Amino acid sequence: MRLPGDVTLFDGTTLNELSLDNRVGLAPMTRVSATDDGRATAEMAQYYQRFADGGFSFLITEGIYPDNAYSQGYLNQPGLATDAQAAAWQQVTEAVHDAGVPIFAQLMHAGAQSQGNPHVDGEQTIAPSAVQPDGQKAEAYGGSGDFPTPKAATVDELADIRDGFVTSAQNAIEAGFDGVEIHGANGYLLHEFLSGEFNQRDDEYGGEPANRVRYPQEVVVAVDEATPADFVVGIRVSQSTALDEDHRWPEGEDAAAVFFEELSMAGADYIHVTEPDATTPAFGDDGPTLAEAAATYAADETVIIDNGGLGTPDAAREKVDAGADLVTLATSALANPDWPEKVSEGEELTAFDPAEFLAPSAELSEHELQTSGASADD
């Protein structure tokens with residue numbers, strides 16, 4: 001337990017040097033509404049400003065691709081690989097800052113789960129090992145059919161990918177972001193390194209948990225060293241993938257102990273854990289949740305953010321009571337962009353309807369946009 005028992009969901013707190021009005025943030029959610037060349041739009045600024053105006057104390061963006069090689073995961077996904085893309089994000093960060101709220105850019109390398117990347121020939125993808133993901137590409141995000149078998153990344157290619165994370169983090173600073181979240185969850189590249197299934201390497205990056213965490217750790221170190229001390233650097237971690245809710249680390253809590261300690265010591269200001277149901281034990285029928293494991297094994301100063309099925313006020317309060325420093329909301333936030341305001345005032349929440357937001361396509365809908373106040377140009 002990291003928090004005193006009298007801390008509540010709507011108490012203020014700090015993250016690095018940022019002041020947060022409450023403990024509820026916006027989780028990253030994949031949308032496909034950027035321009036063809038990966039620039040953020042005026043509509044995206046309006047979309048994010050709604051959450052800032054609705055009382056969320058911090059926002060984490062959708063996954064942003066960090067380089068113009070293998071990282072892009074979806075067509076019309078935004079990037080931070082170029083100066084033009086960084087400049088386009090300024091309208092988003094300015095709109096959110098006008099509401100007095102910090103915003104973090106989630107840097108995401110899709111790895112083997114890429115389903116739309118105009119920067120490569122055909123469907124070539126890259127991963128720790130040549131292991132084909134199970135499942136089908138998602139039509140709502142512009143894909144269809146099976147994923148290809150990726151090529152195994154060479155050590156030189158891993159160095160290039162790491163440099164891409166660093167460059168995109170520096171571009172995030174130019175774009176006005178308050179920090180970055182390195183995506184190490186949900187089956188994308190860095191998660192694939194942590195996995196005993198997708199990582200079958202026999203070099204220093206494969207095998208036991210201490211080796212599997214080495215590359216994600218190197219990315220965190222590189223980004224942390226290349227950014228100012230007051231710039232927030234976090235990492236998102238899960239066992240499950242977007243294609244397999246039952247995916248687990250074979251060593252269970254023993255792997256968690258290594259992963260969370262090493263990522264924390266690498267310089268992560270926060271660890272953002274996510275599972276389909278964050279309230280259930282992570283490693284069997286009993287024992288700690290993933291957030292409780294992170295709180296146990298990460299350094300005391302590392303902030304723990306919990307995510308997964310916490311859209312009801314009782315569930316969110318339970319996680320803060322159990323020691324999570326912060327919680328994030330996803331689909332419940334889509335249905336209630338003013339969730340913190342509603343809950344703090346005892347108002348009824350709107351139920352999430354997937355058809356209203358994610359069908360037939362996960363691009364932004366007209367009703368998700370701010371009607372006024374967003375200062376942005378396409």
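This is a predicted model: local features need pLDDT of at least 70, side-chain atom pairs count only at pLDDT 80 or more; totals for chains, interfaces and linings use all residues.
Figure 1. Helix α1 is mostly covered, with nine of its 12 residues buried. These buried residues are Ala42, Met44, Ala45, Gln46, Tyr47, Tyr48, Gln49, Phe51 and Ala52. They pack against strands β3 (24–26) and β4 and against helices α2 (83–98) and α10 (331–335). Just after α1, glycine 55 adopts a positive phi of about 105 degrees. One aromatic cluster is formed by Tyr47, Tyr48, Phe51 and Phe56.

**Figure 2. The chain as a whole, as context for the close-up views.** The secondary structure comprises 12 helices and 12 strands. The chain has a radius of gyration of 19 Å, close to the 21 Å that the globule rule gives for 378 residues, so it is as compact as a globular protein of that length. Its C-alpha atoms fill a box of roughly 55 × 45 × 40 Å along the principal axes. Of the 378 residues, 58% count as buried. Among contacts between residues at least 6 apart in sequence, 73% join residues that are at least 24 apart. The chain exposes about 14300 Å², of which carbon and sulfur atoms supply 43%.

Figure 3. In soluble globular proteins, nonpolar side chains tend to be buried together. The largest nonpolar core of this model has 87 residues, and Leu59, Leu80, Trp89 and Phe260 touch the most other members. Helix α3 (residues 155–175) contributes the largest share of this core, seven residues. Apart from this core lies another one, of 11 residues, including Phe58, Ile60, Tyr270 and Ile305.

Figure 4. A search of the whole structure finds 13 aromatic pairs. Tryptophan 249 lies in the loop between β9 and α7 and phenylalanine 259 in helix α7, so the pair ties together parts that are 10 residues apart in sequence. Both tryptophan 249 and phenylalanine 259 are buried.

**Figure 5. Helix α7 and the elements packed around it.** Helix α7 (residues 253–265) has 13 residues and reaches 18 Å from its first C-alpha to its last, close to the 18 Å expected at 1.5 Å a residue. Its buried residues are Ala255, Ala256, Ala257, Phe259, Phe260, Leu263 and Ser264. They pack against helices α4 (189–194), α5 (209–212), α6 (214–226) and α8 (290–297), and against strands β9 (232–241) and β10 (270–274). Leaving aside neighbours within four places in sequence, phenylalanine 260 is in contact with Val237, Trp249, Ile271, Val273, Leu290, Ala293, Ala294, Tyr297 and Ala298. Just after α7, glycine 267 takes a positive phi of about 120 degrees.

Figure 6. Tyrosine 297 is placed in helix α8. At 28% relative accessibility, this tyrosine counts as partly exposed. Not counting residues up to four places away in sequence, tyrosine 297 touches Glu253, Ala256, Ala257, Phe260 and Glu261. The C-alpha atoms of tyrosine 297 and glutamate 253 are separated by 9.9 Å, although these residues are 44 residues apart along the chain. Glutamine 217 lies in helix α6. Leaving aside neighbours within four places in sequence, glutamine 217 is in contact with Glu262, Leu263 and Ala266. The C-alpha atoms of glutamine 217 and asparagine 117, 100 residues apart along the chain, are separated by 26 Å.

Terms used: Residues are numbered from 1 along each chain as its sequence is written. Side-chain values use heavy atoms; hydrogens and water are left out. Helices (H or I, at least four residues) and strands (E, at least two) are DSSP runs, numbered from the N terminus. The expected span of a helix is 1.5 Å times one less than its number of residues. Buried means under 20% relative accessible area, exposed over 50%, partly exposed in between (1.4 Å probe, protein chains only). Contact means heavy atoms within 4.5 Å. A nonpolar core is a set of buried Ala, Val, Leu, Ile, Met, Phe, Trp, Tyr and Cys residues joined through side-chain atoms within 4.5 Å. The radius of gyration is taken over C-alpha atoms; the globule rule is 2.2 Å times the number of residues to the power 0.38. Accessible areas come from the Shrake-Rupley method with a 1.4 Å probe; for residues, only the protein chains shown count as cover. Rings of Phe, Tyr and Trp (its six-membered ring) pair if their centres lie within 6.5 Å; planes under 30 degrees apart count as stacked, over 60 as edge-to-face and the rest as tilted.
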